[in-house]
Amino acid sequence: METIVSLCKRRGLIFQSSEVYGGLNGFWDYGPLGAELKRNIKESWWRSMTQMREDVVGLEASIIMHPRIWEASGHTSTFSDLMVDCLLTKKRFRADQVEPQSGDAYFYTGAVAGATGKESKETFSVVIATGKHVDYARKVARLFYEQRGIEAPALQGERTEPVVNSTRYNPENGGLLTEPRPFNLMLKTYVGPVESADNIAYLRPETAQAIFVQFRNVMEVARQKVPFGICQIGKAFRNEINPRNFTFRSREFEQMELEFFIRPDEAVEAICGSVARPAGPGHPGEPQPNWGWQRWHQYWVEERLRFYENIGLPRNSLVEYWQKPDELAHYARATVDLLYKFPFSKRDEKGELMGEELEGIAARSDFDLSQHQRFAGKSMAVFDEELKLAWAKLDPARQAALRESYTQARLKYLLKTGEAPEKAAAQSAAEGAGLTNGSYVPHVIEPSAGVDRLALALICNAYCEDQAPDDKGKLESRVVMRFHPRIAPVKVAVFPLLKNKPELVRKAREVRDLLRAHMSVAYDEAGAIGRRYRRQDEAGTPFGVTIDFDTLGEKGPELQDTVTLRDRDTMRQERVKIADLPALLAPRIR
Ligand code: GAP
């Protein structure tokens with residue numbers, strides 16, 4: 001990973017934020033190449049999620065929203081990680097990320113100051129590797145009591161006990177950690193000139209909630225009917241306890257989220273007579289009206305896998321991880337995490353990289369819209385004409401069964417929110433009756449991806465070292481970023497063979513300007529041509545165009561206005577007409 005981090009800095013992909021002031025942990029800046037890479041990622045996603053589809057529209061919402069939104073979504077009360085602090089250094093860890101320690105734990109009941117007799121009765125313990133001298137534990141314990149004002153402390157009540165895989169100790173010094181306690185990850189601010197509790201607002205920790213709260217507005221203007229989706233790309237902020245693995249876990253990052261609204265299965269059954277569930281692994285094909293939530297979920301998992309493959313992440317670098325029932329969020333019916341095998345991922349017992357999350361695809365039931373309906377007091381139900389018509393044609397037994405199933409699901413939700421049983425029973429019965437008139441709160445499938453994690457995965461995947469000939473044909477090692485042309489920061493580099501020949505330079509600039517209208521172009525005339533190729537290989541530029549004397553017609557008119565087109569990966573060169581370049585390159589980069 002160090003090689004990649006240093007390449008990112010050297011080539012202007014990613015810099016530490018505020019570096020001249022010593023940096024700010026968990027924040028990153030994208031340099032010239034990184035900014036292009038991120039734009040290309042977002043454009044590819046936007047294109048595939050909305051522009052290429054009939055059933056998804058876009059949204060761009062504000063980062064700061066009404067604080068009640070975060071109460072409704074559960075973020076105010078439950079968006080927290082358990083954290084522990086080192087009692088000695090105050091360093092903070094996420095409780096689930098503390099490396100387990102085994103060895104001998106030394107316990108102390110307190111300490112007394114040598115000269116003054118001042119006493120501390122605070123207990124403390126230190127774990128040291130079995131066989132390590134006890135003096136180490138005592139040294140750490142003395143430091144602990146010194147920090148509590150006990151000078152030259154005499155340790156009290158020492159006893160020892162073996163410990164196995166304990167996460168109660170700081171792996172860096174063996175000192176005891178605090179008890180785990182929750183830490184809310186939302187970043188707070190104040191809106192307006194007064195810093196009072198009434199003016200607290202949050203930087204959004206996810207883009208999804210804006211989609212839910214704008215669901216009705218968007219549906220009204222977008223002329224869409226369920227099933228349809230709303231997608232958004234934007235910044236999200238989380239005060240992560242332990243930002244780590246370069247940009248992988250940051251405090252400011254971008255998300256690309258789709259909320260795809262579907263009919264509840266009862267409505268599908270009423271309209272289509274039955275509900276289609278997954279019929280086997282793989283892509284289920286074009287969406288059909290009889291799909292239930294499981295088929296839609298499978299569809300979006302497969303669509304997202306195709307997206308990643310399409311921008312150059314091979315299928316075998318990705319892992320499809322189905323969350324186990326005890327890992328699921330309380331509202332989720334199923335969640336698949338798509339993992340990428342980052343170099344820093346943990347390995348399984350066979351030594352295989354297990355992967356780290358790039359994206360989660362969750363079937364979130366009707367929880368989100370229902371929550372906003374409750375908290376905002378505004379209906380989030382839709383009226384479905386098809387359902388109303390189909391319902392009238394159902395036999396009474398089927399009507400009763402579907403209505404009961406829907407009512408029970410609503411009752412379960414309402415009871416979970418703490419609604420009083422009588423009120424919940426009355427409301428769910430009313431909602432069951434609503435279904436019979438074509439009304440329901442849509443369910444949702446949510447593919448939620450991180451731009452920065454994907455950028456990092458693409459950088460890791462692209463990095464390659466191989467051999468390439470220098471100007472004299474001698475093989476030398478090169479670093480090449482094998483970005484897929486679709487997301488490569490720069491698509492083509494244009495080189496005049498020599499910079500001191502005005503005719504070559506003029507022609508090369510003409511070629512640059514011709515291509516600029518279609519794609520991002522780098523122009524480079526400095527140094528030997530081999531060096532220039534190497535620079536572009538390291539930047540991941542997939543194509544290179546060289547203007548030489550043949551281009552000027554010095555070997556005859558048949559080669560005039562032709563150039564060499566070099567492929568970064570195969571290093572093969574072909575002679576092509578300048579006029580053909582845009583048409584030749586355009587399909588390869590789209
Ligand atoms: N709306 C659902 C949601 O936000 P999430 O799993 O918490 O779900 C979705 O986040 C994606 O956002 C993750 O799969 C990851 O790609 C990205 N992400 C989350 N936290 C991140 C962080 N601290 N740094 C970078 N990316 C992050």
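**Entry 1: the seven-stranded sheet**

I started with the open sheet of 7 strands, whose order is β3-β15-β16-β22-β19-β18-β17 and whose pairing is mixed. β3 (56–58) and β17 (318–322) are the edge strands with a single partner strand each, so one side of each has no neighbour in the sheet. From one strand to the next the twist averages 20°.

I note the basis here: the model is predicted, local features need pLDDT of at least 70, side-chain atom pairs count only at pLDDT 80 or more, and totals for chains, interfaces and linings use all residues. Residues are numbered from 1 along each chain as its sequence is written, and side-chain values use heavy atoms, with hydrogens and water left out.

For the terms, helices (H or I, at least four residues) and strands (E, at least two) are DSSP runs numbered from the N terminus. Two strands pair if DSSP finds at least two bridges between them. Axes are lines fitted to C-alpha atoms, for helices over the stretch in contact, with angles from 0 to 180 degrees between N-to-C directions.

Within this sheet I looked up β15 (residues 228–237) and β16 (residues 252–262), which run antiparallel and are joined by 10 bridges. Ala236 has Phe253 in β16 as its bridge partner.

**Entry 2: helices on that sheet**

Helix α7 (residues 215–222) lies across β3, β15 and β16 and runs at about 135° to β15. Helix α9 (residues 293–310) packs on the sheet and touches β16, β17, β18 (334–340), β19 (356–363) and β22 (443–450). The direction of α9 makes about 155° with that of β19.

**Entry 3: loops**

Most residues other than glycine have a negative phi, and most peptide bonds are trans. I found a cis peptide bond between Val226 and Pro227, with omega about 5°. Pro227 is in the loop between α7 and β15. Ser365, a residue other than glycine, has a positive phi near 55°; Ser365 lies in the loop between β19 and α10 (367–376).

I also looked up Gln323, in the loop between β17 and β18. Leaving out residues up to four places away in sequence, Gln323 touches Leu328, Thr335 and Asp337. The side chains of Gln323 and Asp337 are joined by a polar contact of 3.1 Å. A polar contact is a pair of N or O atoms within 3.5 Å; within protein, one must be able to donate a hydrogen and the other to accept it, and residues adjacent in sequence count only if both atoms are side-chain atoms.

**Entry 4: the ligand**

I counted as near any residue with a heavy atom within 4 Å of the molecule. The ligand is surrounded by 19 residues, the closest being Glu206, Glu240, Glu257, Glu357 and Leu358. A nitrogen atom of the ligand lies 2.8 Å from a polar side-chain atom of Glu240. A backbone N or O atom of Ser250 is 2.8 Å from a nitrogen atom of the ligand. On the oxygen side, I find a polar backbone atom of Leu358 at 2.8 Å from an oxygen atom of the ligand.

**Entry 5: the three-stranded sheet**

I moved to the open sheet of 3 strands, ordered β5-β4-β12 with antiparallel pairing. β5 (92–94) and β12 (181–184) are at the edges with a single partner strand each, so one side of each is left without a neighbour in the sheet. The twist here averages 50° from one strand to the next. β4 (residues 80–85) pairs with β5 over 3 bridges in the antiparallel sense, and Asp85 has Arg92 of β5 as its bridge partner.

**Entry 6: α12 and α13**

Last, I looked up helix α12 (residues 396–416) and helix α13 (residues 421–436), whose axes come within 8 Å and cross at roughly 140°.

Note on methods
Contact = heavy atoms within 4.5 Å.
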